[in-house]
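Hi,

Here is the structure I promised to pass on. My notes follow below it.

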Amino acid sequence: MLKFTIDTGKCIRCGQCAADCPTRIITTSDGLPAIPAEKEAACYRCQHCLAICPTAALSILGRLPEASRPLAGAYPDPDNLETLIKGRRSVRLYLDENLEPALLQRLLEVAWHAPTGINSRQVRLTVVDDRDKLAAFREQIMAGLSRLVRDGELPEGLGFFADFVRLWEDKGVDTLFRGAPHFLVASAPQEVVSPLPDCLIALSYFELFAQANGVGTVWDGLAKIAIDTLLPETRQILGIPEDHLIGYAMAFGRPAVSYARTVQHGPALIHRI
């Protein structure tokens, strides 16, 4: 059930909800917006109708408009947003402390609002939310990699993982997780239309919102390879469903380093038609 309801006292019959509906299932033939029962299955559940209603007259999926954030005048300054994007850095030095639970939950909740193909919203965010848990997981990963090195079972092209094991065992240098207190894996069911892009977009949103909150991040391809390719049994430790594609992984936490300015990449690779 879509629970599509209209507050007749607020509705001004502007028709914007019907015009903006991606699947065109909202009708206004009787003046007020409605969704015929036989068309409910075609709803994307995108909530465009709730978002566009200028008088907060429309509710869908049990979501009340007053529970949403107003957009007028609330967007960030474009120059500040540009600085955030250009100033984003991959952080590889972290403080040995957990994030506050409320902040961590907020980062994940906001990131989960990232767009997905046909609004499938099936990205699963698997998070190691405590530094001690990540330390234990790191030990398991390193022990598994050490076994692969010892038995000569590293696949062709991935022999450099032996160097990471050696650095860890000899000097305690954590190349895989960079000493971060937290770890995040984005995965999605393989049968959705765009599992890999959905995961990458979600992590991109997470990264930018994290850095806006003073939290450092690093795209962790090495850990992703270790989990997904070299030691696939560790997927079970993380509780990642068997039918999920792992999009990517990210380590994060409070940075132990502070950057003073943006860098200067470019010129941009742009091809105009």
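This is a predicted model. I start with one proline.

Pro 65 sits in the loop that links strand S2 (58-59) to helix H3 (78-87). Is Pro 65 buried or exposed? Pro 65 is buried, because its relative accessible area is 15% and the cut-off for buried is under 20%. Leaving out residues up to four places away in sequence, Pro 65 touches Leu 50, Ala 56, Leu 58 and Ser 59. Thr 83 is another matter. Pro 65 and Thr 83 are 18 residues apart along the chain, and their C-alpha atoms are separated by 32 Å.

Next, a helix pair. The axes of H5 (residues 131-150) and H6 (residues 161-171) come within 10 Å and cross at roughly 125°. That angle makes H5 oblique to H6. The crossing is left-handed. From H5, Arg 138, Glu 139, Met 142, Leu 145, Ser 146 and Val 149 take part; they meet Phe 161, Ala 162, Val 165, Trp 168 and Glu 169 of H6. By class, this contact has 7 nonpolar, 1 polar and 3 charged residues.

Now the cores. The largest nonpolar core has 32 residues. Ile 141, Leu 145, Phe 161, Leu 176 and Phe 183 have the most contacts inside it. Two or more residues each come from H5, H6, strand S4 (182-189), helix H8 (221-230) and strand S6 (244-253). H5 gives the most, with 6 residues. Another core, of 20 residues, lies apart from this one; Ala 111, Leu 184, Ala 202 and Val 215 are among them.

Best wishes

How values were computed:
Residues are numbered from 1 along each chain as its sequence is written. This is a predicted model: local features need pLDDT of at least 70, side-chain atom pairs count only at pLDDT 80 or more; totals for chains, interfaces and linings use all residues. Side-chain values use heavy atoms; hydrogens and water are left out. Axes are lines fitted to C-alpha atoms, for helices over the stretch in contact, and angles run from 0 to 180 degrees between N-to-C directions. Helices (H or I, at least four residues) and strands (E, at least two) are DSSP runs, numbered from the N terminus. Angles under 35 degrees count as roughly parallel, over 145 as roughly antiparallel, 65 to 115 as roughly perpendicular and the rest as oblique. A crossing is left-handed if the near helix is turned anticlockwise from the far one by less than a right angle, and right-handed if clockwise. Contact means heavy atoms within 4.5 Å. Ala, Val, Leu, Ile, Met, Phe, Trp, Tyr, Cys and Pro count as nonpolar, Asp, Glu, Lys and Arg as charged, and the others, Gly among them, as polar. A nonpolar core is a set of buried Ala, Val, Leu, Ile, Met, Phe, Trp, Tyr and Cys residues joined through side-chain atoms within 4.5 Å. Buried means under 20% relative accessible area, exposed over 50%, partly exposed in between (1.4 Å probe, protein chains only).
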